[in-house]
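Q: I have this model open and would like to go through it bit by bit. Can we start with the pockets?

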Amino acid sequence: MASMHGPRLRQLVIAAKHNETIDLLRETLQLGNPFVDPGVAEFGLTNAVFAIGDQFLEVVVPVSPSAPAKRFIDRAGEGGYMAIFQVDSIEKARERIDALGIRRVWDIDLEDIAASHLHPADTGGAIMSLDTPKPVGAWRWGGPDWAKHSVTGGIRGAAVQSPSPEALAARWASVLGTEIDTSGESTELAQGNIRFEQGYNEGVTQFHLELPDHPKQTSGELQIGSLTLKW
């Protein structure tokens, strides 16, 4: 992957009640073998991470009654849970979010990646994570062999709804260090964008994927709880 110009959406996360959702996603989207990360046990979860190009689609399933993802599902049902953005400098990103008064709920600094999860009450819409991998094209969270199991395509964006979409768009843009477009309803990333739409409840409503080699159809939709996956 070439050097980035601004943040890039690298991974999207779905919170699901059961492992059957993992199988549904894999079969419907015709994805490769997922990586199961033992490290998510720290958050009371099991998971599956699918590679699409050099981006990733993850399903997390709570296995602990105290897991934050279980509280999310109990409150809002299955749906879009988290967006992970690759940034050029985790140090600069942390300085920016600290200056905004946004709480970091989890930080990790490893040789091959550094990341910070942000408090969703401060960002709104979903959990946001800012991550800097080393080297730029690496991605620890996809597992050591993700390139072997990746399917052609990528993640092109997501949609988030809110009773105050323009305010939420401004908040996310300030976190990411990006600009809002002239409509006030989306922020452009190094690849794709995040759209902000009017809605009664606040949360992620759509994931936009590109799956050019999908064998059944050139475009489609899959509904998982409140989330629509479109390709």
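Q: How much space lies in the second largest pocket?
A: About 160 Å³. Keep in mind that this is a predicted model.

Q: Which residues line the second largest pocket?
A: Its lining is made up of Gly6, Pro7, Val87, Asp88, Ser89, Lys92, Ala93, Arg96, Leu176 and Gly177.

Q: Which helix gives the largest share of that lining?
A: Helix α3, residues 90–99, with three residues.

Q: And how does the lining of the second largest pocket split by class?
A: There are four nonpolar, three polar and three charged residues in it.

Q: OK, now the largest pocket. What is its volume?
A: The volume of the largest pocket is about 1,200 Å³.

Q: How many residues line it, and which lie nearest its centre?
A: The lining has 47 residues. Nearest the centre of the largest pocket are Pro68, Tyr81, Met82, Pro120 and Ile127.

Q: Which helix gives the most to the lining there?
A: Helix α2, which covers residues 68–76, gives six residues to the lining of the largest pocket.

Q: How many of the lining residues are nonpolar, polar and charged?
A: For the largest pocket the counts are 25 nonpolar, 14 polar and eight charged.

Q: Is Asp74 buried or exposed?
A: Asp74 counts as exposed because its relative accessibility is 55%, and the cut-off for exposed is over 50%. Lys70 has 29%, so Lys70 counts as partly exposed.

Q: How many salt bridges are there in the whole structure?
A: A search of the whole structure gives twelve.

Q: Show me another. What does Asp145 meet in a salt bridge?
A: The side chain of Asp145 meets that of Lys148, at 3.9 Å from N to O. Lys148 is exposed, with a relative accessible area of 68%, whereas Asp145 is partly exposed at 37%.

Q: How exposed are Asp107 and Arg104?
A: Asp107 is partly exposed at 35% relative accessibility. Arg104 is also partly exposed, at 30%.

Q: What does Ile180 touch, leaving out residues up to four places away in sequence?
A: Ile180 touches Ala169, Ala170, Ala173, Glu185, Ser186 and Thr187.

Q: Why does Ile180 count as partly exposed?
A: Because its relative accessibility is 29%, and partly exposed covers values between the buried cut-off, under 20%, and the exposed cut-off, over 50%.

Q: Last one. What separates the C-alpha atoms of Ile180 and Leu211?
A: A distance of 27 Å separates them, and the two residues are 31 residues apart along the chain.

Note on methods
Residues numbered from 1 in each chain as written. Predicted model: local features only at pLDDT ≥ 70, side-chain atom pairs only at ≥ 80, totals over all residues. Heavy atoms only, no water. 1 Å grid on protein atoms, 1.4 Å probe; cavity = no way out; pocket = protein on both sides within 12 Å on 5 of 7 lines; lining within 4 Å. Points joined across faces, edges and corners; volume = space filled by probe spheres on them. Helix = DSSP H or I, 4+ residues; strand = E, 2+ residues; numbered from the N terminus. Nonpolar A, V, L, I, M, F, W, Y, C, P; charged D, E, K, R; others polar. Buried < 20%, exposed > 50% of the residue type's maximum accessible area, 1.4 Å probe, protein only. Contact = heavy atoms within 4.5 Å. Salt bridge = Lys/Arg side-chain N within 4 Å of Asp/Glu carboxyl O.
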